[in-house]
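Please look over the sequence and the model first.

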Amino acid sequence: MGAGYCICYTRIEDRIAHGMEKILHKEELEQVCVYRGRRKREYIAGRLSAKHAYLILTGKKKELTDIYIANDYLGAPYFMNARYSCSISHNREFAVGAVSDINMLRIGIDIQSRGSIKAQLIDYYINDYLFTVVWCAKEAISKLLQYGFG
């Protein structure tokens, strides 16, 4: 058995929304209708990244539209009818999806742009790089443990 996890990323671009019918499951298409603009592109790119990671990890040959990523009551993504853990994050430029075999490990991931977090919080840390690393670790751990705070 391989590593038990896979991480993929997608650049968030305006055109991604034009191909959403080739990416999203019918249930996801209903969900994405409530989003507009950047949030809509983030949703699509996040799902695309997670689905690619799933296909690479499992070695399955499936259409992206056959894979359904739902959200639990805290908003955390999960695969319907699959035994894989899923985590999605995005910033202004990229979306990332991480998938693991839930029997081996749960997974949580986060990405941030340096300088994207409020400046007054950074004043409490040594520098913005260290703060970004700490913030991403906190976000990934909260997703892993399913605390749902952000």
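**Layout and interior of the chain**

Of the 150 residues in this protein chain, 39% are buried. The model is a predicted one.

The chain contains 4 helices and 5 strands. Along the sequence these elements run in the order β-α-α-β-β-β-β-α-α. Taking contacts between residues at least 6 apart in sequence, 52% join residues at least 24 apart.

The interior can be read next. In soluble globular proteins, nonpolar side chains tend to be buried together. The largest nonpolar core here has 26 residues, and the members touching the most others are Ile23, Leu24, Val32, Ile44, Tyr54 and Phe79. Two or more residues of this core come from each of β1 (5-11), α2 (37-58), β4 (84-90) and β5 (94-101). The greatest share is that of α2, which gives 8 residues.

Beyond its neighbours within four places in sequence, Leu24 is in contact with Leu29, Val32, Tyr43, Ile44, Arg47, Lys51 and Thr65. Another core, of 5 residues, lies apart from the largest one; Val96, Ala98, Ile109 and Ile111 are among its members.

The cysteines remain. With sulfur atoms required to lie within 2.5 Å of each other, the number of disulfides is 0. Cys33 is partly exposed, at a relative accessible area of 47%, whereas Cys86 is buried, at 8% relative accessibility.

Technical notes: Residues are numbered from 1 along each chain as its sequence is written. This is a predicted model: local features need pLDDT of at least 70, side-chain atom pairs count only at pLDDT 80 or more; totals for chains, interfaces and linings use all residues. Side-chain values use heavy atoms; hydrogens and water are left out. Buried means under 20% relative accessible area, exposed over 50%, partly exposed in between (1.4 Å probe, protein chains only). Contact means heavy atoms within 4.5 Å. A nonpolar core is a set of buried Ala, Val, Leu, Ile, Met, Phe, Trp, Tyr and Cys residues joined through side-chain atoms within 4.5 Å.
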